[in-house]
Amino acid sequence: MRNWRHRASLCLALFLGVASVLSACSGGGASSGGVVQLTFWSFNQQITEQADLFNKSHPNIHVTALKQPSGPNQYYPKVLTAVKAGNAPDVALIEYQYIPTMVSNAALVDVSKYGANGVKDQFVDSAWAQVTQGRAVYGYPQDTGPMGFFYNSATFKKAGITHPPATWDEFAQDAVKIHALGPNYYITAFPPQSTGWFQGLMWQAGATWFSVDTAANAWKVSVNDATSKKVASYWQALVDKGLVSTVADFSNDWNAALNKGTIASWISAVWGQGVITGSAADTKGQWTAAPIPQWTAGAKTSAMWGGSAISVIAGTKHPQEANEFAQWYLTNSGSLSIGVKEIGWFPSNKTAQQSSDVNAPQAFYGNQVVDTVFEQAEIPTTWTWPPNLTAVNQFMGDDVNAAVANKTPIVDALDKLQGQIVQDMKSNGINVAGG
Amino acid sequence: MADVPAVLEARRREHDERERRGVGVGVRALGPKNLLAYLALGAVAVYCLTPIYWLALSATKNNTDLFSSFGLWFAHFNLWQNLRDTLTHSDGVYIRWIGNTALYAGVGAFAGTLISVMAGYALAKYRFVGRGLIFTLVLGAVLVPQTTLALPTYLLMSKVSLTNTYWAVLLPSLLNPVGVYLARVYATAGVPDDLIDAARVDGAGEFRIFTRVALPLLRPGMVTIFLFQFVAIWNNFFLPLVVLSDPNLFPINLGLATWNFDPASHELLYNLIVTGAFLSVLPLIAMFLVLQRYWRAGLAFGSVTG
């Protein structure tokens, strides 16, 4: 008669037992015995190895490294929510392009007051420019993504081209020769949704889409200035003549075309070398890296596509120690060595960039020392990212994609984009100059 | 008193047996009249199975073949290597993710089903003040997507310091308004009031009536609720994404997302992600096949008198 009661209480006991075991294995957080506990978020592999190294040499600080899912719609909302709830990590990886967005959400700590400027000289200027806003320093530059030109020399040779295009004019001429090989042959793809890529090309041409007017304490938006329209018109012509494919980068079709050699080049960042190795394995030995084509013959101007910083996150109870870890992470030779060799960074740290780990010949590229090509890139430090990047990229992807799909002018898409961005900034309470 | 469910149980078994032999109602031979229906069903089946076919096939390919070979046929057979790599990458963290997912979905769906059935039964069989209001609230909650609740849930969890623990995923998974709604419909239709009255006359307490009379009758319905909730928790991405930050607590889907392409890394893990995704659907498929019988019964349950 009392049977069920026994059973119910047994169930309950079991449930609670399981529960307490569960909560027991979810440790972390609290500081114990005078050791400062820090958490570190990144979406790179092997970060626990670096944290272990730090913990060994810093008995008073213990860093727990937690690898997070990447992706702009996952990682950054997660960090921002955690900041809002007051349980954000102490240190986190933030891509350069998201730094102003994070700053406008008051999510980053200005580390200049913890002596960040003392290590400024250890990093390449273009990367350091990405972590600073005025006098404030919002982290340390981890890796950088200078842009260059990867091309399939076999396809180029078949089209009678002996050297990579040095200028965009040459590039347009080569596009004709390569398309003459067959209707499926394209010099490259113009991926209309690839916002970071197109922004990189704008940056290289000398455009400054966003800037801060310090006097007016307002953002200036110039997405549709003459330089940007020049770049847009250039690609418009190639798209209109059918000389470039408009398949999305990283898509199946794109990967397959790279592997067949029918998309003959990729204007990409230094990290692109790994992508080609992975997706175009059949073309081993045919690829070569060259500087990105220039608007002015003889120049060496490039831009950045990708790259990230290590920032101290607002709300940390131990900003001093968090800064110590962040600085150590990108200046310690052991940590940098793991970053370069195991994670695959193209480091912003000058010493690491010159090391033999970085500058190794790549068998896939016919034993070319690929990284050297990218080290010579000169990157304008004038480019600033907007404080509402998620919205900007959303609008931009939609607008450019629609222009290509509907065969309407891309320059018109830029005009539209300008209006949308200003509107979005205003509705989010961001001051816009002259808007 | 214990004989009553036994009689019903026997009747259900008989029904199942008839169905198994194909002598039930509604089973007809293939003819020109229902050829169209078969074609339509066939098309739906192809539509639903093609992605699974693609996934199974892709799990046998290496990174290059994944992109360069024809998507719906084999290339180099790399399945064993893929499996080995998936299960051993990052010190075998995938196995941990399987365990976590099984725990979230298993415990969450089991306890959640029990709660749903208790609530649904109470709403169906007891008259009390506020019953209508509560049921309306439950119906309203059905309309609120789980994703929109993830952030408020996170902020609540954070207040009580439960973020980044198993509880952060388990607790919100226990409540399932659809389950309560279904359980109420099932209880209304499947548990006759007379039966409850008879049990009361025999001197059984309310809890005993629930466990001994109502639960056996509701079993097919419970399986349906369990499956729905199991799948919902198994697939839930946003809640764990927001409330968990320790990879050791991640479910499979979130874990696989951490293997996704990361521009700073030169490691491409597409084949492991695909293989991992393939492995992760196998338990779901197995569960549906095993519980299919009950599930079908549960879907139709209450459709006559409900």
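## Domains of chain A

Two residues are in contact if their C-beta atoms, placed from the backbone, lie within 7 Å. In this predicted model, 18 residues of domain 1 of chain A are in contact with 18 residues of domain 2 of chain A. On the domain 1 side, α4 (99-104), α5 (125-131) and β11 (304-312) of chain A each supply at least two residues. α4(A) gives the most, with 4 residues. By type, the domain 1 side of this contact holds 10 polar, 7 nonpolar and 1 charged residue.

## Contact between chains A and B

The contact between the chains takes 38 residues from chain A and 33 residues from chain B. On chain B, the elements that give two or more residues are α3 (63-68), α6 (146-159), α7 (166-174), α10 (206-235), α11 (238-243) and α12 (252-258). The chain B side divides into 16 nonpolar, 13 polar and 4 charged residues.

## Confidence in chain A

Chain A averages a pLDDT of 91. Of its residues, 92% score at least 70.

Two stretches of chain A stay under 50 in pLDDT: residues 1-5 and residues 8-31. Beyond four places in sequence, the model has 3 contacts for residues 1-5. For residues 8-31, the model has 15 such contacts.

Technical notes. Residues are numbered from 1 along each chain as its sequence is written. Chains are lettered from A and ligands numbered from 1 in the order in which they are written. This is a predicted model: local features need pLDDT of at least 70, side-chain atom pairs count only at pLDDT 80 or more; totals for chains, interfaces and linings use all residues. pLDDT is the predictor's confidence in each residue, from 0 to 100. Ala, Val, Leu, Ile, Met, Phe, Trp, Tyr, Cys and Pro count as nonpolar, Asp, Glu, Lys and Arg as charged, and the others, Gly among them, as polar.
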